[in-house]
Amino acid sequence: DDISVLLAGEDGSFRERRFPVGSGPRAVAIGDVTGDGHVDVLTANFRSRDISVLIGRGDGSFLPSRRVPLSDRPVFLTLADLNDDGALDIVIAHGGELDRRASTIAILLGNGDGTFAAERRLTVGQDPAALVVADINGDELLDMIVADAGSDDVSILLGRGGGSFRPRRVISAGDRPVAVAVADVNGDGIGDVITANELSNDLSVLLGRGDGSFQGQKRIPVGLNPTGVIVEDLDADGWFDLVAVNAGSDDLSILLGQGEGSFRPEQRFVAGDRPSAVAALDANADARPDLITANAGSNDLALLIGCGDGRFRSRRHFAVGGNPFAILVEDLDRDARPDVVVANAGTDDISILLADGDGTFRQQRHVDVGESPLCVLTADVNGDDIPDLVTANVGSDDVSVLLGIGDGEFRPQRRFHAEKTPRSLAIGDVNGDGWLDLAVANASLNKVSILGGNGDGTFRRQRQVEVGETPTSVALGDVNGDGLLDLIVVNVGSDDLSVLLGRGDGTFGPQRRIPVGENPVSIQLADVNADGQEDLIVANAGSDDLSVLLGVGHGIFRPQRRFAVGDRPVSTAVDDLNGDGLPDLVAVNESSDDISVLMGNGDGSFEPQRRYPVSEMPRAVAIADVNADRIPDAIVLGAGVGAVTVLLGRGDGSF
């Protein structure tokens, strides 16, 4: 529930600052809404049904956000001066609820001082997902083009001036258009419309006639579940090209324009795990457009270096240390290029791979840490705006802190005692002093240790808090909406979860224990009943089942519901396996050498399991389309013999 602002340095590096906003921000827009010449930021907050307005101070910082309440959940917003009064106005798309589809967008006219008039709703198609403001009929008045995901069409609202619009015209698109762009793709000087159609796995191109009407759509196939589209000249031939983001096939489709609104057959380039957005930039200063994707499944960014002819260099593999256990991406040497850090549990070190800027990395450099690091995180723990590294070392009962120098080098580690068996680590300011603190799960002590930060990269033992028996992972987050960090801990020995609400001074309220099954060993957060609240899915290794706890807000969860799986489930995955739009569950069963698949009903309940055999001692599962048939498959890692089993999906949730 915040935004990250990365301020550029003179050397091409960036430093991150974070600012709180409302709950569940879905979209962000930037513009000067106060007329003071400073950039302001607005977010559309899905869960809290409002807009956060952050007024810029002009130095990269912002005043505390002001919240603008809305009548419905926003899923998208943009800024434009709709009534030509010199003040930016807000346009949002409404998201609706599980049992009620939205069919409106809303306009909030700006007053020029960062405040806005009450929203005025306009009717569009079902489930508007994205919109663009542009003059598409040449009358010098702004029009609105809306992608209606639920009704498989595009709404065209021609502007009348003064912030008013004519009733919508409807243009057919593909199945579930979720993104829209406007550009002149045939060189006639008239704006054309392009939509990304998530369920028909294609793009719709609608050529404009110049009067606000369009020719019939041309459908162009792309990858699986395209969720975004941008327009850019990638090969410097003067024609616009298209880039589609394919969330289901983990790649990008590049379609080079030939003029007259036609395109060459797609080229596919691998991105990250479940890419959700793409932008064009020149990352290596060679005057050729590169592409960067935001990957929702792997929580990272992937950079594809452009060759200048519409092609992009493929990714490569790079060696690291023994038993690599965790990975993170961070610009360690302040050259504006993403570097890679890997925690190697088998060799008691971390591997640092600095980016060359052309999509490759230099040979790894090993840096010693404690024994058996199972977790590595990055944060600026000494306030010098340079990223530092912290590892939790289960074998030596400590944490290692490596202070960054700013060129990808680090000072020798300093070790801080973290009590016995630190299995997991979280970083955040739990006492409100402005310095980052550490929360460490001590599996053998039934406690979480809080190490208070001194602001110089050193830490002091502040206190321990009691949790359940054998805590194996810890997280910091605001689960009750009071703006203070809370602790959530998984306790394998006492068969429960601990939720401790933060007081903001480094102390926590008494733990609330939430029972689950026997020997819970892993947890996933996902919204399995579409109410906008995070739910918990716990794998119970001892009772051979999953616990599902539905969140109701305020840090409270409904009593668990148990769903039987195989013998000794040790991990889970959540995905839509049968294309019905509802999350399904996959459990990895270590002792029965199989996986369990439970199809979701959309209300937090699941159908009885179906079992599929895999390799010996399976420990983890990933879901992806490995054979390009646009159907999710299961890839299972077997810890016993190191074997990988691939189960090809049939599209109905079976394998």
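A29 stands opposite L42 in β4, a strand taken, like every strand here, as a DSSP run of E with at least two residues, numbered from the N terminus. The model is predicted, so local features need pLDDT of at least 70 and side-chain atom pairs count only at pLDDT 80 or more, while totals for chains, interfaces and linings use all residues. Residues are numbered from 1 along each chain as its sequence is written, and side-chain values use heavy atoms, with hydrogens and water left out.

**Strand pairing**
- Strand β3 (residues 25-31) runs antiparallel to β4 and is joined to it by six bridges, where pairing requires that DSSP finds at least two bridges between two strands.
- On the other pairing, five bridges join β4 to the antiparallel strand β5 (residues 50-54), and T43 stands opposite S52 in β5.
- The hairpin of β4 and β5 has four residues between the strands, and R49 takes a positive phi near 55° there.

**Burial of β4**
- Six of the six residues of strand β4 (residues 40-45) are buried, so the strand is largely enclosed by the rest of the structure; buried means under 20% relative accessible area, exposed over 50%, and partly exposed in between, with a 1.4 Å probe and protein chains only.
- In a regular strand, side chains alternate between the two faces of the sheet.
- In β4 both faces are covered, with D40, L42 and A44 buried on one side and V41, T43 and N45 buried on the other.

- I30 is found in strand β3 and, at 61% relative accessibility, counts as exposed.
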